[in-house]
Amino acid sequence: MKRTAGVLLHITSLPSPYGIGTLGKAAEEFVDALVSAGQTYWQVLPLNPVGYGNSPYQSYSAFAGEPLLIDLDDLVANGLLSKKACESADYGADPTFVDFEKVSRSKMALLQEAHKEFVTKATGNALNVAYLAFVKEEEDWLNDYAVFMANKTANGGVSWDEWASASAPNGDEVEFWKFVQFFFYRQWSQLRRYANKNGVKIIGDIPIYASYDSADVYYNRGLFQLTEDGKPRAVAGVPPDYFSETGQLWGNPLYDWEAMKADGYAWWIRRVKKALALYDCVRIDHFRAFDTYWAIPYGDKTAVGGKWLNGPGMDLFNAINAAKVVPAGEYPAIIAEDLGELFDSVKELLAATGYPGMKILQFGMNGSTPSDLVVDSASAPGRKRLLGYVAQDNEHLSHNYINNMAVYTGTHDNSTIFGFIKAADKATLDMLKGYLKPHLFEPLNWACIRSLYASSAGMAIIPMQDIIGLDDSARMNVPGKVLPSNWIWRMKKDWFKNAHKKRLARLAKVYFRG
């Protein structure tokens with residue numbers, strides 16, 4: 001891997017006057033900021049429609065884009081909305097958080113108005129020609145998604161297994177959902193072209209699982225572990241780990257890997273092909289589940305009662321390679337999120353694919369690990385006591401990184417560096433300071449960034465919250481929990497300062513990350 005650096009910031013977190021970050025002007029300005037900061041990559045979270053808990057990992061479609069990311073100014077420029085209507089809508093008052101309820105209510109109403117205007121004036125013009133071409137090109141997933149969303153709307157927004165009716169949805173409503181996707185894809189393509197033209201590549205994200213309440217499951221029930229009446233037999237999650245004593249109960253239906261193998265893994269091949277057409281590189285979330293996955297009985301309240309089952313292993317990736325969906329000459333095209341409890345077989349699968357894995361510096365700071373108990377000669381024979389705590393070497397410390405890795409101070413699922421420091425015990429904090437040996441007056445967040453930049457890892461990606469030095473009030477997500485604070489953080493326009501950009505650019509130059 002060429003030595004590179006990048007920034008992790010989701011589109012929703014960009015500043016904008018409309019309550020949520022979009023694919024418009026602020027996104028292009030962020031690309032400009034990355035260029036001035038000497039960065040090669042911009043990593044985003046899944047751009048699919050958000051679902052339960054406003055999570056982009058619980059989406060209504062693995063192929064569609066989130067309507068709320070559409071730039072309204074572009075619709076104004078195309079004569080489909082008035083600027084006054086956009087500016088007078090209620091998107092919420094706090095510019096540092098997304099109020100999904102208000103943003104969704106106001107923005108979806110505006111998109112409906114834009115669609116009505118589009119229908120009245122688009123016949124025969126260039127925009128309509130582009131729309132018809134898009135509908136034809138994306139028909140393998142677009143019609144199913146549009147019909148699914150039209151039915152979902154007609155049934156009050158409830159999950160498909162609670163629909164009263166799913167027959168003959170309103171044609172105008174179906175066309176509306178296609179129109180929304182047309183503008184999402186149109187704007188995303190423009191943004192990506194702008195980024196690539198300026199030397200910035202975009203890393204996207206493929207969630208490992210599909211949401212139960214999605215067009216993917218609704219139209220492909222035979223590819224998932226479901227009962228005859230459509231309920232999950234078991235659901236996804238992870239066992240107890242460093243995040244939670246009871247594990248994480250995600251609730252997504254599990255794949256029927258035998259059924260997927262029988263049709264040549266066609267659904268997964270289409271999914272990876274689509275992702276690699278949208279992004280320059282994709283991160284596959286929870287990669288370890290392709291080797292072994294945690295299956296939790298449907299109806300359990302925690303993940304404790306799950307068990308490990310075998311995934312498809314290299315058989316899936318051989319099929320993806322045979323389909324030649326990975327662009328020739330692009331490396332890395334896929335990053336494997338290989339975090340969590342890993343068996344040797346998971347590491348062997350990662351090695352077989354050749355994909356770079358991930359490491360998280362926070363996970364290396366384990367100063368609270370108890371030392372071995374030793375005999376206390378001052379007490380009765382055989383009695384032992386704990387002498388203290390010792391740091392232990394592990395693969396997440398930056399001196400252990402290898403070139404074929406993408407490394408992070410933390411991800412969207414972690415505390416920010418300052419949030420981590422605030423919660424750390426004295427032993428962990430002592431280890432952090434001792435390991436990083438900050439330069440004079442160097443804040444600890446920048447010492448962490450410098451440690452990653454100086455490492456042998458091919459790719460160093462830093463969350464924006466750690467660059468500008470925020471605490472856990474800016475945390476993006478707490479895994480396995482549905483919290484009002486998840487997914488809502490936004491950045492003010494003036495927070496990514498010239499001083500931050502110059503410092504990143506200097507580190508990128510010093511450590512040859514260009």
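Start with a term: a residue is buried under 20% relative accessible area, exposed over 50%, and partly exposed in between, using a 1.4 Å probe and protein chains only. This is a predicted model, where local features need pLDDT of at least 70, side-chain atom pairs count only at pLDDT 80 or more, and totals for chains, interfaces and linings use all residues. Residues are numbered from 1 along each chain as its sequence is written, and side-chain values use heavy atoms, with hydrogens and water left out.

**Stop 1**

Most residues other than glycine have a negative phi. Select N54. Its phi is positive, about 60 degrees, although N54 is not a glycine. Look for N54 in the loop between β2 (41–43) and α2 (72–77). Helices (H or I, at least four residues) and strands (E, at least two) are DSSP runs, numbered from the N terminus.

Now jump to F512, in the segment after α18 (498–510). F512 also has a positive phi, near 60 degrees, and is not a glycine. With 66% relative accessibility, F512 counts as exposed.

**Stop 2: aromatic pairs**

Rings of Phe, Tyr and Trp (its six-membered ring) pair if their centres lie within 6.5 Å; planes under 30 degrees apart count as stacked, over 60 as edge-to-face, and the rest as tilted. How many aromatic pairs does a search of the whole structure find? It finds 43.

Select Y255 and W268. They pair edge-to-face, 5.8 Å centre to centre, with 70 degrees between the planes. Y255 is in the loop between β5 (248–253) and α9 (257–262) and W268 is in helix α10 (residues 266–278), so the pair ties together parts 13 residues apart in sequence. Both Y255 and W268 are buried.

Next, select W294 and W308. This pair is edge-to-face too, at 5.1 Å centre to centre and 65 degrees between the planes. W294 is in strand β7 (residues 292–297) and W308 in strand β8 (residues 307–310), 14 residues apart. W294 is buried, at 9% relative accessible area. W308 is partly exposed, at 26%.

**Stop 3: charges over rings**

A charge sits over a ring if NZ of Lys or CZ of Arg is within 6 Å of the ring centre and within 35 degrees of the ring normal. Select R221 and Y218. R221 lies over the face of Y218, 4.7 Å from the ring centre.
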